[in-house]
Structure formats: C-alpha cells, structure tokens
Amino acid sequence: MRPTILFAPLLFLSTIVFSQSRIVLKPENHTYYISTLSSAKDSAYNQIIKLYNDYLKSNPADYLVQIEKCELIDKAYYDEYDDYNPKYEEFDACLKDLTTKFPPVPEVLLYKADHLYGDSAKVFLEKIVKDYDNNPLPWTGKGIWKIHEKIARQYEDDRLPFRAIKYAELAQKENDTLDISLFLAQQYKKQKQTEKAIDILFSHIDSTDASYTLNEKGKMLLELGAPDKALKAFQLAHKDTTAWIDSGDLAQALIENGLIAEARQYLVKDASSTWSYPGSLQKLLQYDIRHSPADTAMSTYRRLVNENFWYDALGVNRITLFWYEPGLGWNFYDVIHIILLILLLLLTIIVPYLWILPIYAIGLSLKKNKGLTLPLNDFRWGLKHFWIISSVWLCIDILTSLIFDYDNLIALYTGNQTNNVGENVVNQNEANLALFFFISCLFVTMSFLRKSDLNIFWGSQWTKGRSIGIGVGLALSLKFALSFYQVIYRAFNSSIADTSTILSINENILSINKYYHPLVGFLFVVIIVPVYEEVIFRGIILSSIEKHLKFYWANIIQALIFAAIHQQLKLIPFYFLFGISAGYYRSKSQSLAPGIVLHMLNNLLAFMAILWLGDRIQSF
C-alpha cells in the first residue's frame, strides 16, 4: 500500500474544517510520522508538514506543536552515517521562527539550547541563567537544572573547571535524581581535589545503576587511588551477567585490595575475550609470573606466543620466567626470541654509523679538496666518543622500554595496542622508568669525564659571573620567544602544548613527585638532567663534530639532534633554538657554564609549572 493511500484518512480527518467552530485536529508526535515515512517520502513529508502548518495557523500559540514540526524537519531526512540533514536550511528557518515567536518560553529555550554548540551555546546559556537569576518564576517546574547541566558540560574542557563544577552542582541540587557524579569527579580531579572526587563518586554508587555506569565509576575510582571503593562498584556491575564489564579492571581492584587469589578468575575471563588480545593475556601472564606456580605461568606464556609469535618478540617475558624459575624448559622459538633481542641491541652499535660516517667523510673531503682548517678548542672528544655516546643512549632507551614499557614496544611489532585505555599515566611504573633513565644517563656521562675535563664547566674565557648572567638572560629570552611562538601557532592550530609543558617528561615528573618526593624530581630535572645533557650535546657531540666541520654546521647538527630526542614535534623550533643558543655561547666562552645555567633555569620554570598545575597538565 502506498504511503499516500495510508495517510489519506488522516489527511481527510485532520483537514476537515467544521463550519461552526473552525477547529483543526492536532497532529501526532513527530516520531509517529518519521516511523511511517518510507517510499514516496517527499510526497508524504510535504503532506505532514501541511498538517502541522494548518494546525498552527488555527493554533498559533501552541509552541509544543511548533517544536514537533521543527523536530520532524530535523530528523525526517537526517543521515546518521554522513551526519547530514538535507533539510538543514528549512530546519534553521523553523528554529528561528520558533524562537522569534516564543522568546521567553522555557521549553523553547531548552529546545534551542539543544541545537547550539561552542561559544554561541555558552553565550546563549549564560543569558538564560542571567535572566533566570533576575526572574526565576517562568522556570518553575520547567527544569532549569537542564540548563545548568548543559552549561556545565560546555565548560567541561576548560583548563580551570570551576565554572563546570559550579553549574553541575547547581543542576544536581535542583534535581536530586540526576547523577552527574562521573562528570563532577573528572572536574574535581582537574582541580586536584581528589578526596572530593572520590566522595562524589562513591556517594552515587547504587545497585540500580546501569552496569556500564558502575563500571565507568569503578575505573574512575581506580584512577583516583581508591581501589577499595572501586571494588564495590565493580562487584555491583558484575551482578548483571548480561552486560559487558571490564574484568581486567575488577581484577586490578581486587589485587590492590590484597585479594590476590580472587583476582585471577577475572583476569582469565578478560583474557578469554579475543578482541582484547594481547593486553589482557599479557596481564594474566604478569599475574601468573608473580602469584601462580611456575607451570601455570609457563602455560599462560605458551598460550600467548602460540597466539602470535610477536607477542613476546624480544623474549623479555621468557627471560622473566627464567629469572623466577630457571628450570622451566626452553624450545626453539624461545631461542629465536632471545636472538632477536641480541640483534636489536647490536643494532645500537651499528645505527650511529648512519650519522657518524657522513660527518667523517664530508670533513675528510673538505680537508683534502678545500684545504679546510679548523681551530682548536678546549674539548678533547672526537667522533669515536660521539659514536659511543650515541650507541649507549640508544641502548639505554631500548632497555628502559624493555623493562618498563614492554607491552607498548610489542605493539610496534603487532600493530595491536594493549588495553591500557583510560589507565592513569601518573603511576609507579612511570616514576621508576624516569629514574632508571635519568640515573643510567648520569652514570654513562660520568664515565666520559676525566679529572682534566673539569675545567670545561667554567672555562678560561669568561668570568663565572658573566657565564651565569648570559645563561639567565638566554633562559628569559627563550621563554619570551616560546610564548610568542605559541601565540603564532595557536592562530593556526589550538592543540599546541602550553608554555608550562615544554618538558617531554611531564608524566614522568608527576609520577616521581607523587610516588617519591618533589625534591627527587627537582634534583633530577633541575640539576642532574641539565648537567649531563649539556655535557653530551654541547660537550661530546658538538666538539666531536667541529673537529671535522665548520662550527656553523656542527652547531646546527647538534641542535637538530637535541630537538629530535625531546620527541615533541610541535616544539622542535623551540628546542632547536635552545640548542643553537647553548652551542653558540659554549663556543664563545669555551665552557659549558652558560648552557648549564640556561638549561637549569629553563627546567626550573617548567618544573615549578608542573608542581602548580599537577594532573591538569595531562588534559592540555
């Protein structure tokens, strides 16, 4: 039956005009009409719009029907796949007509608020709140809490979330059945009000909550460092056997509450979900290595590598098993894994030749063919030392990843990211990773120094006061240059990091500050790292290159390497300028002092910003 025939009785009845009363029948809800639209859509749609228009002509004050008409126009032709409505202009005209005719009506204001985004939504909602504060009467029983919730979510991504908290608390106060505890907890976390975030979440954990909601609350409580409260949320969520629950997070909560034995069943369940490989199976393996018998751990390991050889590509898990239980048997594939690890470490010896040999060859050619002569400097290091420090740096970087971030390293081989989504980046592992890397680099740098090298820290060209003054001036100038660079960059791309986050190790430092002490973070970031990086880049690397190339090129090369190792693409211009400046004044002063002072002050300012901003840095 064609739609036009289907709608014929409705059209007939709804358009009958009684000669005495002139009453037109009220149209149905827009959802009814949308559900009946199929073939001959345009014809049926136009007839339905006529129904609304005829009714509104006789009942111009019925704003609810006007809203229904706009809803029909908005949704009848909407394509969810392309997120496109070909009737958008018609809808926009309907919305403007609605808000022009009924500007103060709460339902109309709420409807318009649903269709505004960005700054225009904030301005519109702020005006509603201001009008409500002056005259709350029209909103009695009309749900002003909805406006407060909407405006809270508009401020969700603000760096200082006090507005979001203010309006969310108002919404919750006005509607005691509203649960926006997850939203509020996230905002409190940004404000570093951890206890308040935990309290608001835990006070809104209820057995009537949907399993998904309980699971999300449990994950958030884990991030906030309240595993005992997270456990309750996960246990309530697991009562719904039909819903998907993150068994891995529940297992983590059990482990952190000392319920080690009880956790394994949930890790096994999580590992049974094929979509979650390899992360869930790796978590089960780590659990078994620490808490299960050796044969159980080996069984889990075999399951992991049988699933995919590359899930333990470099044999780190097999080495760990050997460490805990040397008597476990080896097979051919275990040996292949170890061979791959050895080959990777050997590559750290070979790879530096990619930049060492070209420098040597070009320098040799210039000396022979161009008669290039280079001035002597006070630094004894040559290309051999450049090769050694490059090799050792790569080795430290790889070992750090193998020991503390192996799962993510394996993802490079498999293309499968481990299931760490939502995991808090500020954790004990990040703190240990940073300290291992810093201490390793410090010891390696010290091994390059002799007693005779101590004079390079101050040199003989400049006084100590002049070196310190130049370093301070450079640091302040570079801070100004970075701020200017960010203003220019934000004009084209708003995602650039904040001035306070110029360190590439924010999560590491936040973790050290939390799990050790800020003084430990200060010692490494402000004192140790600047010293060993200046020795490496402005000492070993720069001096070795300038024995073969003119200083101009040597300085550019070391600055490019310095920028690259910080691994922040958007800030490469800043780090390059930093390296160029430090290298130039090292040459002028024949000492590392200006660069070390520059580096220390720069890192001090960044470290102070990290202390002040805390966890909020992660959201920038």
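Is Gln 590 buried or exposed? Gln 590 is buried, with a relative accessible area of 14%; buried means under 20% relative accessible area, exposed over 50%, and partly exposed in between, using a 1.4 Å probe on protein chains only. We will come back to this residue below.

## Model and conventions

This is a predicted model, in which local features need pLDDT of at least 70, side-chain atom pairs count only at pLDDT 80 or more, and totals for chains, interfaces and linings use all residues. Residues are numbered from 1 along each chain as its sequence is written, and side-chain values use heavy atoms, with hydrogens and water left out.

As for confidence, pLDDT is the predictor's own score for each residue, from 0 to 100. The chain has a mean pLDDT of 84, with 87% of its residues at 70 or more. Over residues 494-504, pLDDT stays under 50, and the model has 41 contacts beyond four places in sequence for them. Residues 615-620 also stay under 50, with 19 contacts beyond four places in sequence. A contact here means heavy atoms within 4.5 Å.

## Overall fold

The chain holds 29 helices and zero strands. Of the 620 residues in the chain, 46% are buried. Among contacts with a separation of 6 or more, 67% join residues 24 or more positions apart.

## Helix 8 and its neighbours

Which residues of helix 8 are buried? In this helix, which spans residues 144-154, they are Ile 144, Ile 147, His 148, Glu 149, Ile 151 and Ala 152. Their packing partners are helix 6 (106-113), helix 7 (118-134), helix 9 (162-174) and helix 10 (181-190).

## Helices 17 and 18

Helix 17 (residues 294-307) and helix 18 (residues 316-324) have axes that come within 11 Å and cross at roughly 170°. The axes are lines fitted to C-alpha atoms over the stretch in contact, and angles run from 0 to 180 degrees between N-to-C directions. The two helices are therefore roughly antiparallel to each other; angles over 145 degrees count as roughly antiparallel, under 35 as roughly parallel, 65 to 115 as roughly perpendicular and the rest as oblique. Helix 17 contributes Ala 297, Met 298, Tyr 301 and Leu 304 to the contact, while helix 18 contributes Asn 317, Arg 318 and Leu 321. These residues divide into five nonpolar, one polar and one charged. In this scheme Ala, Val, Leu, Ile, Met, Phe, Trp, Tyr, Cys and Pro are nonpolar, Asp, Glu, Lys and Arg are charged, and the others, Gly among them, are polar.

Arg 318, which sits in helix 18, is buried, with a relative accessible area of 0%. Not counting residues up to four places away in sequence, Arg 318 touches Met 298, Tyr 301, Asp 312, Leu 328, Gly 329, Trp 330 and Asp 334.

## Salt bridges

How many salt bridges does a search of the whole structure find? There are 20, each being a side-chain nitrogen of Lys or Arg within 4 Å of a carboxyl oxygen of Asp or Glu. Side chains of opposite charge can pair when their charged atoms come close. Glu 534 and Arg 538 meet in one of these bridges, at 2.6 Å from N to O. Both lie in helix 26 (residues 518-545), four residues apart, about one turn of the helix, and both are buried.

Lys 101 pairs with Asp 97, their closest N and O atoms being 3.3 Å apart. These two are four residues apart in helix 5 (residues 88-101), and so are separated by about one helical turn. Asp 97 is partly exposed, with a relative accessible area of 30%. For Asp 228 and Lys 229, the closest N and O atoms are 4.0 Å apart; Asp 228 is partly exposed at 44% relative accessibility, and Lys 229 is partly exposed at 23%. Asp 179, Asp 209 and Lys 217 are linked in a network of salt bridges.

## Two glutamines with positive phi

Most residues other than glycine have a negative phi. Gln 567 has a positive phi of about 55° although it is not a glycine. Gln 567 lies in the loop between helix 27 (551-565) and helix 28 (572-589) and counts as exposed, at 65% relative accessibility.

Gln 590 likewise has a positive phi of about 55°.
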